Protein chains: 2
Amino acid sequence: MPDRKQHPIEPWRLRETELDLDNLAQAESLFALSNGHIGLRGNLDEGEPYAIPGTYLNSFYEKRPLPYAEAGYGYPESGQTLVDVTNGKLIRLLVDDSPFDIRYGELHSHERSLDFRSGILQRDADWTSPGGKRIRVRSRRLVSLTQRAVAAIEYVVEAVDRPARFVVQSELVANETQPPLSDDPRVASVLEQPLEPVSHDASPKSCILIHRTKRSEQLMAAGMTHQVEAPDRARVDIDIREDWARTTVICDLQPGESLRVVKLLAYGWSSLRSETAIGDQVAAALASAEFCGWEGLVELQQEYLDDFWDAADVEVQGHAELQQAVRFALFHVLQAGARAERRAIPSKGLTGAGYDGHTFWDTEGFVLPVLIHTVPDAAADALKWRHSILELAKDRAAVLGLRGAAFPWRTIRGQECSGYWPAGTAAFHINADIAEAVSRYHAATGDEQFLVDYGLELLVETARLWMSLGHHDRHGRWHLPGVTGPDEYSAVADDNVFTNLMAAKNLKAAAEVAVRHPAKARSLGVDAEEEAAWRDAAAAVHIPYDEELKVHPQSDGFTGYAEWDFEAARGKYPLMLHAPYFELYRKQVVKQADLTLAMYWCGDAFTPEQKARNFDYYERLTVRDSSLSACVQAVMAAEVGHLDLAYDYAYEAALIDLHNLHHNTRDGLHMASLAGAWTALVAGFGGLRDREGCICFNPALPAGLTGLAFSIRWHGVRLRVDIQPDEVTYAVHDGPDASLTLNHAGEEITVKAGEPVTRALTKREPLLPRPTQPPGREPMSALGNNRTE
Amino acid sequence: MPDRKQHPIEPWRLRETELDLDNLAQAESLFALSNGHIGLRGNLDEGEPYAIPGTYLNSFYEKRPLPYAEAGYGYPESGQTLVDVTNGKLIRLLVDDSPFDIRYGELHSHERSLDFRSGILQRDADWTSPGGKRIRVRSRRLVSLTQRAVAAIEYVVEAVDRPARFVVQSELVANETQPPLSDDPRVASVLEQPLEPVSHDASPKSCILIHRTKRSEQLMAAGMTHQVEAPDRARVDIDIREDWARTTVICDLQPGESLRVVKLLAYGWSSLRSETAIGDQVAAALASAEFCGWEGLVELQQEYLDDFWDAADVEVQGHAELQQAVRFALFHVLQAGARAERRAIPSKGLTGAGYDGHTFWDTEGFVLPVLIHTVPDAAADALKWRHSILELAKDRAAVLGLRGAAFPWRTIRGQECSGYWPAGTAAFHINADIAEAVSRYHAATGDEQFLVDYGLELLVETARLWMSLGHHDRHGRWHLPGVTGPDEYSAVADDNVFTNLMAAKNLKAAAEVAVRHPAKARSLGVDAEEEAAWRDAAAAVHIPYDEELKVHPQSDGFTGYAEWDFEAARGKYPLMLHAPYFELYRKQVVKQADLTLAMYWCGDAFTPEQKARNFDYYERLTVRDSSLSACVQAVMAAEVGHLDLAYDYAYEAALIDLHNLHHNTRDGLHMASLAGAWTALVAGFGGLRDREGCICFNPALPAGLTGLAFSIRWHGVRLRVDIQPDEVTYAVHDGPDASLTLNHAGEEITVKAGEPVTRALTKREPLLPRPTQPPGREPMSALGNNRTE
């Protein structure tokens, strides 16, 4: 639990009123700025103290060998690790003889604040140097959402009580020293000196450093230019070497006077383009940024975010902390996806290099459902990135002896980078998750051209993979043995219900879209026989069911295993750091929602009673050692009527990083869980589902929430859903002709612009009492932690 | 198929009449000498050409880090690799100016022969040097079975047609250059310069080099001394450095004259004893060897082997190649186990460093059953070694969160060295295999004291492991989910029939022996409740059965999997080098006998009809990519009446290395398969089983074999079983009072010394026709390859 005196709850910003040196790394992640293209960790301007320095460019990686004690066929030999590139955030300050370093002198106040509506990180420091000169420093930093190659810093320093000489050194530094990292498999590999200098160029207007990675041979350029305002004479010098560039500004300030330096940064990188092309690209971006100026960039940022919030805001009434957290979450999800533009959206966004900066199914399963309804173009771009690596996925399938496409479990640029196949290659469900995202994107946008250009091919190649993975038994049932579902504490199991249902959905979707676009389908080699085979397999899919317990086993035989000894496991979480895989795999213990996720994503396959019983059963076994779980449990808890439990899980999903619940926010934010906070509220309490191309709601609020309102996009129309304890109002707020048909608790309703529709909520009664969780793994109480009062 | 002109078939020796430089590595393994304590590969005296140099000391290893692309809890961090130690085999020769190197000059003839009755490797070369001097070289080499620290070489060189000067350099060389090895996971890691010099000492009588391994910090000493016989004056010099010692003998020989050098070698090593202690130990061994002299060592070797063959020989009538092969096999099994003496018996013996020189379940499952009936003291020693690592096994179980002892899947000194847990840690059956070997040893010897001192504790701690691995389901059936059975193409499966039956056997044996030795049991903390729990779990063990197919699934659900595409796999063997594990695991494809092994070792658990159907079913799926399979298939083929198929498998098991059937004899001989050749004949055609402490036979011969006779030991009595096509004669050949009760085809018979008993054979009719194997994986035809005629 963070000290809320240091982090006051405010609806539209995250503020830190005191610098906490013990939690620097967490703050660096929380205050990270990104546009999905460039990411800057919230390191201090002056570079030190730091926990993990971080400047990231989407998909800019280095290769590293993947070693095995005993290698096997098809194991990837080479991994990919996100590189901490040339740091452009650095602005050092010398006050007379003393460097501005908050560990020395006297720090009177230090405040940082990240504003979700302006997209600006502001810092205010009031400090007296060891030499006795009191100064104020204000810096404001942004990574432009409108000019994707550009970041900017406004740095203002003021002499408070005595005149002093100020030396501002604004730098670009390549190959920063990295802190040693732990053995935790969830953190990144450390790369020493990953960048080789290629060239450097300084002009009176700008400095540009060009580097190359050694093994992956990617080129990158970082450039900076400055605008200086001083009350009197200021001298500006530029110095440059292979691995650094420095602009030095010197001036004398009288009390009350201030020096303002605006630093404009630009980055460019490529594995194809030449050194000169990349250098020119960065020079052009700098010129364009200069043309805007700081004020222009700030204004564009504000406009972009106004438009975003207008169609994406979630208003939570009755829980101020949850309100703040869900906006924090949405802001970071936007930052991760806004301008990724046909590159991957990593599981940490660009806020840290945890998990080596890799992209998993987090993107399609958790982040895209939010973007689809808020920034649909960004969702389309993410799926186009998947399409762009389709050839690699087909090659991988061929290596594995399979047909179609096998997308990588974890990757930066498309090649499989998973070094442990039972929780990598065997987790084939990622392919169905991608297919599902295609279907969802189409359902929400009606973008038929996307299906023709990208979607159908993704559906077809993943369907082909499933056909080569599955088989019919002698009774005609279709099985998928030996695969790993979402729950990573159960691997290589037979007939995982989630995977089987999702594979069937994938096959059905491929057949349907192929029938709708026959010409494109034929060009992909799909004929009527193949379509029929997909439909037949989907219809014959085997879903194991335990008749005695009246629950679905997560996979075949699961409910017959011994239960994990949860009492003995107290204090030993995450379990994977305290128990061997084989023990986890052979017991009833669930890392993260698996069967529960199947009930959410494939809700039609379960009766309400089955949902209630299954939810109850798996709650007792689920330890939530993964950040992909609480939000799913929130949605299903709400559906089966445990609204208070759903509230707790929504709170957990939203607060995962603000409360550092997984103890690794230092390595980057958990994008899936942050996106899941939105899902918990919108799909959980709003009851949002899309079924057969129709958007459905069935809202219900937990005791304690006095209201919940959210906006989403559906086929180009903005819909606002305003839930009160007893009723809900649907309103369209686009042009006068806009209208939208939705399903409210089974009733079809058409909502037109200017004609909101209000309906009473249906009362929800759970079939079973509120279930318990493994001891010590209960979610925090959202009500108990409510500080709204 | 080897060229039999170069390898004539002879009953009591392996002879090579021409040097084949392309198959040098295979010959080095075939001609390896060992006593289980020291192993010398069959490298040429002069050191070059060589394929893989090899001098091994049992359990003398170096540590190496085990790397993981993604590490997990409980993964071993450090591996162990057998070290190629100081080479004492080297005797170089200079004839005038020309080094004796068979790649130069003219080689008139070159013959090597390994005699199974004398235990001596003899080499005869007739060579003319590039300088035109014709010489004859005869060397004879032995590793003493009676003096375990000693090896010896008699080296005789003769001038044939012209006088010449001969310089013989006899050496000790540490840190020999190693050849680069392949990526095949079955070979060893290469260690560069593994030995650090500690000290060296040369006296007129001997040279001793002492070295230490860098990381495992084991000390070793190698010593040599010489006896020289020359017709005239011979000069002897000694030179020594850190990493080598050299004794140089120079003399002139006239045509017909010869120089004879006897080289006596001794080795000592320890991880505990001091440098001086080890040096003294080697000096003492050398002194003792000198006291015997070459002739004395030869004589003792002969006596030892006469005694061995008297109680162990297998006579095959009607197939000369099989006759030779089974004696070759027995000789090497003896070499591997004779003097291992509380150290491990590696899967390659000491004939090569394949699999890093590790010991697996091969020892208890395949090698010990032979030693138990032929050299029971060696079998006891091997089990005492297991007892000596019991504390390590208990520590390992504790790390894994289990009770009792978890023996390592692969190791040299006792620590788990497996870097791939699904075919390592998860293969818990090794613990039941060890327990089974304890029971078998006791059954064959009646050695009750062994049970008290060692056996019971092994049974108890393995039983405790099983109790912590298994659980009762809600119907009271006892299950073992998520473990790996013998078949390594099916891992981490539920209720593997072999493992479940063997675990139950282990539990029953522990309870029985504990009841018989209550004082010892109590001292191990065993009470009546624990004994009862063992019996109850064993009685409740769940054995899956497929009612529709009327076969046992190898593990739960196995018979519902898709069948491997064997047609497409033609030419892609072993499959593990061509297909990913997950594909192998999720299909019906069997690497090696698993359910078939269960039917052999736990025969009482199956009806004859089940055995026939199961055998038929699994034959079609078994590809024999493991060398642990053919011998088991031979035994069960014979039992269900496919005597001709059993004959083929017996042939394959026996010829595995002589024909290099697995293409890796270069890395060492396959001890389990060589032992299996004995098992295929004795348990297959002899029908040997031990049931409830009684020895049973039920012989039957395949068409083509006109007779089979073998001797075994049972409770200190030597029994000779002489099988003819229609009858069998049982004879006891020990002292006049010796007698033995056995079971012949259901009839209890007591055989007394001097009173052989003859019985007619029962005719065996198979229930089903001879089954087929996967295409391309049929065994070679024993009849078709019979060159007896």
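**Entry 1**

I began at the hairpin that joins strand 11 of chain A to strand 12 of chain A through 6 residues. Strands here are DSSP runs of E, at least two residues long, and helices are runs of H or I, at least four, both numbered from the N terminus. The model is predicted, so I kept its limits in mind: local features need pLDDT of at least 70, side-chain atom pairs count only at pLDDT 80 or more, and totals for chains, interfaces and linings use all residues. Residues are numbered from 1 along each chain as its sequence is written, while chains are lettered from A and ligands numbered from 1 in the order in which they are written.

Strand 11 and strand 12 (residues 150–159) of chain A pair in the antiparallel sense over 9 bridges; two strands pair if DSSP finds at least two bridges between them. I found A:S139 opposite A:Y155 in strand 12 of chain A.

A:A125 stands opposite A:V137 in strand 11 of chain A. The hairpin of strands 10 and 11 of chain A has 5 residues between the strands, and A:G132 there takes a positive phi near 95°.

Buried means 20 or more other C-beta atoms within 10 Å of the residue's own, exposed means 12 or fewer, and partly exposed lies in between, with C-beta atoms placed from the backbone.

**Entry 2**

Next I followed strand 15 (residues 206–213) of chain B, which is mostly covered, with 7 of its 8 residues buried. To strand 14 (residues 195–202) of chain B it is joined by 7 antiparallel bridges, and the hairpin between strands 14 and 15 of chain B runs through 3 residues. B:P197 has B:H211 as its bridge partner.

Strand 15 of chain B also pairs with strand 16 (residues 219–229) of chain B, antiparallel over 7 bridges. Here B:I208 is partnered by B:G223. The hairpin of strands 15 and 16 of chain B has 5 residues between them, and B:E217 in the turn shows a positive phi of about 55°.

Where is the kink in helix 8 (residues 448–469) of chain A centred? I found it at A:Y454, at about 55°; the bend is the angle between axes fitted to the seven residues ending at a residue and the seven starting there. Helix 8 of chain A is mostly covered, with 17 of its 22 residues buried.

The largest nonpolar core has 509 residues, and A:A650, A:A677, B:A650 and B:A677 have the most contacts inside it. Such a core is a set of buried Ala, Val, Leu, Ile, Met, Phe, Trp, Tyr and Cys residues joined through C-beta atoms within 7 Å.

**Entry 1: the two copies**

I then counted 40 residues of chain A in contact with 40 of chain B, contact meaning C-beta atoms, placed from the backbone, within 7 Å.

Methods: Contact = placed C-beta atoms within 7 Å.
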